[in-house]
Structure formats: C-alpha cells, structure tokens
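Trainee: Could we go through this model together? I would like to know what stands behind each label.

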Amino acid sequence: CKEIAAECKKKGKPFFCKEFYFNKRANLYPKGSPPDCTVTEPKQCARLSQIFPGAPLFEDGSQANDINQGGVGDCFFIGAASSLACAPFVTHIDPLDRLFVYSNIPFGIYGVVFYKNGGWEWVIV
C-alpha cells in the first residue's frame with residue numbers, strides 16, 4: 001500500500017485499478033448472474049475525500065450505525081462490517097481497525113485483510 005501511495009504522490013493522481021473499475025458489469029455482478037439482477041448499477045462513483053473532504057476513515061472507533069448500504073449488492077460485506085463494529089469488546093483493538101489495515105484517503109487507497117479459505121488475504125480497494 002505504501003508503495004502505491006508513493007507512486008500516486010509522485011504522479012499527483014489518486015489510485016485507480018483498471019481490473020476493478022466500478023463501471024464494468026463484470027465487477028458489479030458475479031458470473032452467472034441473471035440479466036434481470038436486482039442490484040442497482042451506480043450512477044457515479046466518488047471517493048471518500050470527494051464526499052467528505054478531510055474526514056477520517058473512522059473517528060473515535062466504529063459503531064454499527066456508522067455503516068450504510070446503498071443498492072449495489074454488497075449486503076454480505078456491509079452486514080459483516082456492521083457485526084464487527086458491534087463487537088469492540090472482543091479485543092482491545094476496534095475490529096474494523098483490524099480489517100482496514102491501511103488507508104490513504106487523499107489517494108483513495110484502502111488496505112483490507114480478509115480471512116478466506118483458511119488464510120489471511122490482503123486486498124487493496
């Protein structure tokens with residue numbers, strides 16, 4: 001993540017991943033989804049820094065009510081994140097701070113770690 005942030009700073013441009021561009025139908029719907037899928041296609045995409053300039057990713061920890069779902073079919077992730085936000089008593093570290101291991105809001109870089117198929121996997125979103 002830090003290398004990507006350094007490259008973004010050098011270029012003066014935010015992070016952009018061509019493989020995961022929100023405007024690609026393949027990134028919105030899993031393979032085999034019916035053409036009449038009820039997931040709403042976004043009208044536009046904006047970075048956190050564009051919506052809330054200067055805002056942190058989390059301020060004073062996280063709570064379940066901090067998380068809102070739109071209509072883009074991410075209920076599986078939003079539900080899990082909301083559950084984690086309800087459970088800071090499980091550890092001394094806010095669970096969402098353990099999930100989002102890196103953030104560079106001005107350049108739109110978020111390092112997230114997931115547990116998948118028996119191992120931890122780092123993803124940059």
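Mentor: Gladly! Along the sequence, the protein chain follows the pattern α-α-α-α-α-β-β-β. That gives five helices and three strands, where helices (H or I, at least four residues) and strands (E, at least two) are DSSP runs numbered from the N terminus. This is a predicted model, in which local features need pLDDT of at least 70 and side-chain atom pairs count only at pLDDT 80 or more, while totals for chains, interfaces and linings use all residues. Residues are numbered from 1 along each chain as its sequence is written, and side-chain values use heavy atoms, with hydrogens and water left out.

Trainee: What makes K11 and E7 a salt bridge?

Mentor: The term asks for a side-chain nitrogen of Lys or Arg within 4 Å of a carboxyl oxygen of Asp or Glu. Here the N to O distance is 3.8 Å, so the pair meets the cut-off of 4 Å. A search of the whole structure finds one salt bridge.

Trainee: Where do K11 and E7 sit relative to each other in helix α1?

Mentor: Both belong to helix α1 (residues 2-11), and because they are four residues apart, about one helical turn separates them. In general, side chains of opposite charge can pair when their charged atoms come close.

Trainee: Why is K11 called exposed, and what is E7 called?

Mentor: Buried means under 20% relative accessible area, exposed over 50%, and partly exposed in between (1.4 Å probe, protein chains only). K11 has 56%, so it counts as exposed, whereas E7, with 35%, is partly exposed. Across the protein chain, buried residues make up 22% of the 125 residues.

Trainee: What makes up the largest nonpolar core?

Mentor: Seven residues: C1, A5, C8, F15, Y102, F107 and I109. Such a core is a set of buried Ala, Val, Leu, Ile, Met, Phe, Trp, Tyr and Cys residues joined through side-chain atoms within 4.5 Å. Another core lies apart from it, with six residues, among them A81, L99, F100 and V112.

Trainee: Which residues does Y102 touch?

Mentor: Leaving out residues up to four places away in sequence, Y102 touches C1, K2, A5, I109, Y110 and G111; contact means heavy atoms within 4.5 Å.

Trainee: How do you know that Y115 and W120 are edge-to-face?

Mentor: Rings of Phe, Tyr and Trp (its six-membered ring) pair if their centres lie within 6.5 Å; planes under 30 degrees apart count as stacked, over 60 as edge-to-face and the rest as tilted. The structure holds one aromatic pair. Its ring centres, in Y115 and W120, are 4.9 Å apart with planes at 70 degrees, so the pair is edge-to-face. Y115 is exposed at 53%, and W120 is exposed at 61%.
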